[in-house]
Amino acid sequence: ENGVRYQYRTVVNNSTDRYFDPNVSVPCWLRFERTVGGLNRAYYSTNGSDWTRFSFTSVTMTSPIYIGLAVTSHNLDVPCEARFSNLSFPDTSVGPEWAAKDIGILTNDAEPMYVVLNGNARVDHEDPNVTLTKQWIEWNIPLQRFADQNVDLTNINSLGIHIGEIDNQGPGGKGTMYIDDIRLYRP
């Protein structure tokens with residue numbers, strides 16, 4: 001709906017300048033180039049071979065620079081989705097470090113969440129994407145789910161709330177979770 005724009009910042013954390021061509025629509029091809037002299041230019045194409053420069057503006061930036069394909073609905077309450085395909089970096093040393101990155105609105109990585117009693121009885125959260133939730137939610141776990149795993153509910157020595165796989169000893173996902181009001185209710 002909002003078209004395709006070439007946006008750039010010439011000063012870190014300053015306002016974003018942009019060039020918008022109302023005649024560009026998706027699907028389309030995009031190309032970004034950086035000259036040996038450090039000039040950055042963006043192009044678009046309707047067929048992948050005939051290229052039009054987004055503007056006559058050439059932005060000079062000192063290294064390192066960060067480029068990307070950004071998607072926004074321009075409304076914090078409205079999600080937006082776009083699909084990019086056939087990304088390539090010809091004549092560059094860009095490698096597998098290219099990845100999705102949140103800009104502005106930070107989100108967590110998707111990880112499983114579960115509760116462990118006495119170090120071995122595990123109950124998983126029913127939503128596998130619970131770590132992506134941006135609002136407070138209540139999670140009620142019937143104690144019977146632990147009793148069904150032969151946990152003596154009169155002798156609880158430990159309770160753990162885990163995010164990520166317990167067997168994974170390497171680095172996991174990243175993000176922030178707030179957990180409060182852990183309560184035990186009698187039936």
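1. Start with the Asp181–Arg183 pair: their side chains meet in a salt bridge, N to O at 3.9 Å. For the cut-off, a salt bridge here is a side-chain nitrogen of Lys or Arg within 4 Å of a carboxyl oxygen of Asp or Glu. Asp181 is exposed, with a relative accessible area of 52%, and Arg183 is exposed as well, at 54%. The classes run like this: buried is under 20% relative accessible area, exposed is over 50%, and partly exposed is in between, with a 1.4 Å probe and protein chains only.

2. Before you go further, a word on provenance. This is a predicted model, where local features need pLDDT of at least 70, side-chain atom pairs count only at pLDDT 80 or more, and totals for chains, interfaces and linings use all residues. Residues are numbered from 1 along each chain as its sequence is written, and side-chain values use heavy atoms, with hydrogens and water left out.

3. How many salt bridges does a search of the whole structure find? The count is 3. Besides the pair above, Arg122 and Asp124 meet through their side chains at 2.8 Å, N to O. Arg122 is partly exposed at 26% relative accessibility, and Asp124 is partly exposed at 34%. Then there is Glu33 with Arg31, whose closest N and O atoms are 3.9 Å apart. Glu33 counts as partly exposed at 26%, and Arg31 does too, at 31%.

4. Now the overall layout. The chain has 1 helix and 9 strands, and along the sequence they follow the pattern β-β-β-β-β-β-β-β-α-β. Both are DSSP runs numbered from the N terminus: helices are H or I with at least four residues, strands are E with at least two. Of the 187 residues in the chain, 17% are buried. The accessible surface comes to about 15100 Å², and carbon and sulfur atoms own 50% of that; areas come from the Shrake-Rupley method with a 1.4 Å probe, and for residues only the protein chains shown count as cover.

5. On contacts (heavy atoms within 4.5 Å): take those in the chain with a separation of 6 or more, and 46% of them join residues 24 or more positions apart.

6. Which residues form the largest nonpolar core? There are 7: Val4, Tyr6, Tyr8, Val24, Ala42, Tyr44 and Phe54. By core I mean a set of buried Ala, Val, Leu, Ile, Met, Phe, Trp, Tyr and Cys residues joined through side-chain atoms within 4.5 Å. As background, nonpolar side chains tend to be buried together in soluble globular proteins.

7. Leaving aside neighbours within four places in sequence, Val4 is in contact with Phe20, Asp21, Val24, Val26, Cys28, Leu30 and Phe54.

8. Phe84 sits in the loop between strand 6 (59–60) and strand 7 (113–117) and is partly exposed at 42%. Arg83 is in the loop between strand 6 and strand 7 and counts as exposed at 72% relative accessibility. Arg83 and Pro27 are 56 residues apart in sequence, with 9.6 Å between their C-alpha atoms.

9. Is His125 buried or exposed? His125 counts as buried because its relative accessibility is 11%. Its place is in the loop between strand 8 (121–124) and helix 1 (144–147). A polar atom of the His125 side chain lies 3.0 Å from the backbone nitrogen of Asp127. Not counting residues up to four places away in sequence, His125 touches Met113, Tyr114, Val130, Ile137 and Trp139.

10. Trp139 is found in the loop between strand 8 and helix 1. Beyond four places in sequence, its contacts are Met113, Tyr114, Val115, Val123, Asp124, His125 and Glu126. Trp139 and Ile182 are 43 residues apart in sequence and 9.7 Å apart in space, C-alpha to C-alpha.

Terms used. A polar contact is a pair of N or O atoms within 3.5 Å; within protein, one must be able to donate a hydrogen and the other to accept it, and residues adjacent in sequence count only if both atoms are side-chain atoms.
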